[in-house]
Amino acid sequence: MRKERHTKMKTYLFLATLFITPVTACAVKAADSVPQSGIFLAEALKKNSPESSPLKKIILNVFKIMTDINATEADYTKHVSKDYIQRVNGEVLDYNGFVDHMKALKRTIKSIKITFHDLIEERNKVVTRHTARGIKNDNSIVEMDLIAIFEIKDGKIISCNELTHMINGSKAD
C-alpha cells in the first residue's frame, strides 16, 4: 500500500511541478493530436515580456527543461539547487526526490504542455498560475491547474510551494 501510494505521488508531482493529488477523476482519451511539448505564455503575458526579468527567466528555463522528455539531471542542476525542497498539497520532496520523480514521470508521459496565465515577481520569489496538460503513453490526458510560489537564491530555485487542482486524469495520476 505504501509503495503504491509513493508511485501515485510521483505521478502526481510531475505534473504539479509541472509537476499534482487527484481532486476529480475521469479518464479522457486524447481526441486530438499530440500537442507540441513546451511552455506557452497566455496572450496577456506575451505583452508584458516576462523574459526581461532574470527571476522569471529562471522559472521559464526550468519549465522548458521539465517539458523536454530528453532532459537529464545535469539539465536540472543548471537552475535547481541541490538544497531544493518542494511542497505540493501537503507532500514534501527534496532535490533527489524531485529528480527521481521527474525521471519516473517522463517514462509515462509522451508530451507535456505548460501554459502560463500569470507570472508575478516579488523580491526573490516568483508566483505562477499555470496549466499543465500531458498526454500519457496510453494517449490518455492529464490536465491540472497549478499555483506555485518559487523561491530563488544565487540564480537557482531553492523551494516551491504549490497547490494543484486536477481537471482531467485518472485516480492513479
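**A look around the chain**

Modeller: Happy to! Let's start at a helix end: Asp 94 caps the N-terminal end of H5, with a side-chain oxygen 3.3 Å from the backbone nitrogen of Asn 96. Keep in mind that this is a predicted model.

Biologist: Thanks. Is H5 mostly covered or mostly open?

Modeller: Mostly covered, with nine of its 12 residues buried.

Biologist: Which residues of H5 are buried?

Modeller: Tyr 95, Gly 97, Phe 98, Val 99, His 101, Met 102, Ala 104, Leu 105 and Lys 106 are the buried residues in H5.

Biologist: And what span should H5 have, at 1.5 Å a residue?

Modeller: The 12 residues of helix H5, numbers 95-106, should span 16 Å. The C-alpha atoms at its ends are 17 Å apart, which agrees.

Biologist: Let me zoom out. How many helices and strands are there in the chain?

Modeller: The chain has five helices and seven strands.

Biologist: How much of the chain is buried?

Modeller: Of the 173 residues, 46% are buried. The chain exposes about 8,900 Å², and carbon and sulfur atoms supply 52% of that area.

Biologist: What about the largest nonpolar core, how many residues does it have?

Modeller: That core has 32 residues. Tyr 76, Phe 98 and Ile 157 are the ones with the most contacts inside it. The elements giving two or more residues to this core are helix H3 (54-66), strand E2 (80-88), H5, E4, E5, strand E6 (141-153) and strand E7 (156-168).

Biologist: Which element gives the largest share?

Modeller: H3 does, with eight residues. As background, nonpolar side chains tend to be buried together in soluble globular proteins.

Biologist: Nice. Changing topic: how many salt bridges turn up in the whole structure?

Modeller: A search of the whole structure finds four. In general, side chains of opposite charge can pair when their charged atoms come close.

Biologist: Which residue does Asp 118 pair with?

Modeller: Asp 118 forms a salt bridge with Arg 129, and their closest N and O atoms are 2.6 Å apart. This pair links distant parts of the chain: Asp 118 sits in strand E4 (residues 109-122) and Arg 129 in strand E5 (residues 125-136), 11 residues apart.

Biologist: Which residue does Lys 82 meet in a salt bridge?

Modeller: Glu 73, with 3.6 Å from N to O. Lys 82 counts as exposed because its relative accessibility is 55%, over the 50% cut-off. Glu 73, at 28%, counts as partly exposed.

Biologist: And which partner does Arg 123 have?

Modeller: Arg 123 forms a salt bridge with Glu 122, the closest N and O atoms being 3.3 Å apart. Arg 123 is exposed, at 66% relative accessible area, while Glu 122 is partly exposed at 48%.

Biologist: Where is Arg 123 found?

Modeller: In the loop between E4 and E5. Arg 123 also has a positive phi of about 50°, although it is not a glycine.

Biologist: Last stop, Gln 86. Buried or exposed?

Modeller: Gln 86 counts as buried, because its relative accessibility is 0%. Gln 86 lies in strand E2, and a polar contact of 2.9 Å joins its side chain to that of Tyr 84.

Biologist: How far apart are Gln 86 and Asn 161?

Modeller: In sequence, Gln 86 and Asn 161 are 75 residues apart, but in space they are 6.0 Å apart, C-alpha to C-alpha.

Note on methods
Residues are numbered from 1 along each chain as its sequence is written. This is a predicted model: local features need pLDDT of at least 70, side-chain atom pairs count only at pLDDT 80 or more; totals for chains, interfaces and linings use all residues. Side-chain values use heavy atoms; hydrogens and water are left out. A salt bridge is a side-chain nitrogen of Lys or Arg within 4 Å of a carboxyl oxygen of Asp or Glu. Buried means under 20% relative accessible area, exposed over 50%, partly exposed in between (1.4 Å probe, protein chains only). Helices (H or I, at least four residues) and strands (E, at least two) are DSSP runs, numbered from the N terminus. The expected span of a helix is 1.5 Å times one less than its number of residues. A polar contact is a pair of N or O atoms within 3.5 Å; within protein, one must be able to donate a hydrogen and the other to accept it, and residues adjacent in sequence count only if both atoms are side-chain atoms. A nonpolar core is a set of buried Ala, Val, Leu, Ile, Met, Phe, Trp, Tyr and Cys residues joined through side-chain atoms within 4.5 Å. Accessible areas come from the Shrake-Rupley method with a 1.4 Å probe; for residues, only the protein chains shown count as cover.
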